[in-house]
Amino acid sequence: MDFFDRFAVPHPSFLIYASMVAIGLTVIAVLVGITYFKKWDYLWREWLTTVDHKRIGIMYLISALLMLFRGGVDAIMLRAQLAIPDNKLLESQHYNEVFSTHGVVMILFMAMPFIMFFFNFVVPLQIGARDVAFPRLNAISFWLFFMGAMLFNISFVIGGSPDAGWTSYFPLAGNDFSTSVGSNYYMIAIQIAGIGTLMTGINFITTIFKMRAPGMKLMQMPMFTWSALISNLIIVFAFPVLTVLLAMGTMDRLFDTKFFAIGDGGSDMLWANLFWVWGHPEVYILILPAFGLFSEIISTFARRNLYGYKSMVASMVVISAFSFFVWAHHFFTMGQGALANSFFSITTMAIAVPTGVKIFNWLFTLWKGKIEFTTPMLYAMHFLPLFTLGGVTGVMLAMSAADYQYHNTMFLVAHFHNVIIPGVVYAMLGGLTYYWPKMFGFMLNERIGKWTVWLMSIGFVLAFIPMYITGLDGQARRMYTYSEATGFGPLNMVAFIGAGIMAISFALLVYNIYYSVRYSPRNIGNDPWNARTLEWATHTPVPEYNFAVMPQVKSTEAFWDAKKNGHEIFKGKIEKIHMPNSSGLPFIMSCIFFVFGFSMIFSIWPLAIISLLGILGCLVYRSFEKDHGHYIPVEEIEETETKLRGAK
Amino acid sequence: MKIDHSLPLEYSTEENRLKIFGFWIFLGAEIMLFATLFTSYFVYENRSGNGPTGAEIFELSPVLMETILLLASSFTIGLGIHAMRLGKQKAMMSFFAVTLVLGLGFLGFEIFEFTTYIHEGAGLSTSGFTSMLLTTLGTHGLHVTLGFFWGLFIILQVKKRGLTPETANKSFIFSLYWHFLDVVWIFIFSFIYLKGMM
Ligand code: HEM
Ligand SMILES: [Cu+2]
């Protein structure tokens, strides 16, 4: 029995048992459903083994949306607990677990896969490529991310969730203070997903540098592709730091090393430092692609080319370099002295300059534009003012002396939600609405879409602006309750209502998808937004090979210029196309990774060794495998092309 | 696959060129990985708690042997790639085999070194310093071990399939990896051992 004791949840409650039952039933329902409708074969052939960047993109999207709801439920629980003083809805331990998983899920398992979805779906189409450089590796990236995310998500029903915050600082996350396996989940699940992310970085850098359509120079790439390139460069430089950091944390917890111990020469501050050496660039990994999407959306719907293309690129390069020299602004109060604090204050404030350049470029793009308020554009228009507010409070936080007042209060929480929600989340949802027709061949309903944006912004303002105020008044973050005497009650109630409104707006998004699946017209053509870049030049739905003939590019907005001047970008005749083969290996290997991670978390060593051998076996198999891909013959391409042309 | 005969075999197809480029990016990530380990090592250098310090446990002779073996293996794999470019499959395979044997010798000495440390009371959980030392060395050693098996499989493939664009590409990429491990070792030798013994 001892063996099974470790899987029990340390602080069970009715909610946890209820979710156990719910998870169990859902899993059974899904399995039965797939069997009943005889979809196993289809699932395996078309999705689990696919190496097509568009399908992998869609799988990222589905995962991100699922995680958005998981993280959203966490958020509502947190706000409900704080809605009134001395609330007893959650006890402190449970509250700790919820804010820890909320942070990790939202940043690593919602925002990251969401941008991965855009990288995957958009970048190859935008640069006129037929796939990414390493399609098989791309599938491995996805499945590793997916298994990492699943592993993290089972923590609250098996063994207990991490409870040391998404930053997981030691010594709090060490064995002395975090006694459940929760922090093991943190270390290992993120490690597995992180390896996948690193592989994505390598893949997309290669793709963008080496696989652009003939004629497309670096300085003619669409802005989203530029942002993807820079973001992936940051990934390759920042994620290895996380790899090392998590390995050290894992060893401290499992093998009693002394990295972050209090005595024996350990250094708990190293965790904080390395965490933010990765962590700060990480927030730019998220925001740069968001900027890229807004650039596409704004220039499309202002019907003008992007103002200041070169300065847009330059500012991203500067931001990416600076993002590695600001990390200590996350712990000004931890005693590194005035000199170091001043250095990091100045670098942090300096980052606001290139960010400001971008804001002005967007404004100048709008200036004299023929603005059309579609849903994606509405997201962008709400982004501009709200994000600017978040940037300004960021600069406030960057003043190291003043930060003693703000640090670890609700003010900080308001700041980063203020940049992440209007910045990253709006870009994701706006971009989703923008690319939806390219993926599925019909538009999302505009009316419901605009309602969603407005509700989200109203909810956002109500939920987070009050936190600036209570934070300045001294309400600490990560505290599960406060007394009535503090006077924080009313504003926290407002924040709860705001969170509720945001929840409604997300529900509306789901309803919109349902509604549009049923009622949206299907004959929308290839270019419903009258857009400017190559992804809109090919058919909808996009054929497996993306472009029957490679496009010839001469300018930044190849497709727009072609439409305006009437010249042909697809010159030449159709030839047979080489495509990569599907493979089950990425999925199988990632499943073994899941088992490996699980057995490490619970220190089940025999299983850990067996699964490790399994992983190595997959690599060996791959090394010896002969896989030359296949060709799509000309007749088949011509047939597909005629069919798709007819569908217009 | 279109094969471009004006280029060396390992670069001759589009896929091969992509793989080599991608591997360079991967090495960039590896540099960051080891840079993080070195930075952390400098933090722990003097944090030996109640355990031994570097000066107390480092010994020159095994380290020197390891260095000589690994540097020599970097030389032999270079010869192997040279032979491959000349199309001499036999010579190439022998050079690769010598490389791997040297690598194995390196690992042997490293294992010996580790057991001595543990006998002298410098185990993984003794102090911040020993944890970091063994982790940094261990990460490098693990890379060499994986490299050993990888190289072995490549030799088997060259033997079975001959020098094709594919096998040449794999061999070339493997040689990049092996050289890289050598470079890392030079840093380990200078900044961990020499600095620690001075
Ligand atoms: C003008 C640009 C920005 C400046 C000057 C800035 C400044 C800062 C500072 C000084 C802190 C630490 C405050 C403290 O702990 O007391 C901070 C925290 C944070 N910022 Fe920003 N920031 C900026 C933009 C962004 C963006 C674009 C994002 C994300 C997309 C972001 C995400 C975060 C997060 C997640 C945290 C806190 C994490 C935590 O402690 O849990 N920031 N910011
Ligand atoms: Cu930061």
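Predicted model: local features only at pLDDT ≥ 70, side-chain atom pairs only at ≥ 80, totals over all residues.
1. Polar contacts are another matter: 8 residue pairs, both residues at pLDDT 80 or more, are in polar contact across the interface of chain A and chain B.

2. Which elements of chain A face chain B? Helix H7 (182-210), helix H8 (223-254), helix H9 (268-301) and helix H19 (605-624) of chain A each give two or more residues to the side that touches chain B. The most come from H8(A), with 8 residues.

3. Residue types on that side. The side of chain A that touches chain B is made up of 23 nonpolar, 9 polar and 5 charged residues.

4. Extent of the interface. The size of an interface is often given as the accessible area lost when the parts come together. For chain A and chain B the buried area is about 3,100 Å², and carbon and sulfur atoms give 70% of it. Chain A brings 37 residues to the contact, and chain B brings 34 residues.

5. The metal atoms. What does the protein supply to the iron atom of ligand 1? There is a single donor from the protein, NE2 of A:His415, at 2.2 Å. A:His415 lies in helix H14 (residues 410-440) of chain A. The copper ion (ligand 2) is 4.8 Å from the iron atom of ligand 1.

Conventions
Residues numbered from 1 in each chain as written. Chains lettered and ligands numbered in written order. Heavy atoms only, no water. Contact = heavy atoms within 4.5 Å. Buried area = accessible area lost by both parts, 1.4 Å probe. Polar contact = N/O pair within 3.5 Å; in protein donor to acceptor, adjacent residues only side chain to side chain. Helix = DSSP H or I, 4+ residues; strand = E, 2+ residues; numbered from the N terminus. Nonpolar A, V, L, I, M, F, W, Y, C, P; charged D, E, K, R; others polar. Donors = N, O, S within 2.8 Å, 3.2 Å for Na, K, Ca; no water.
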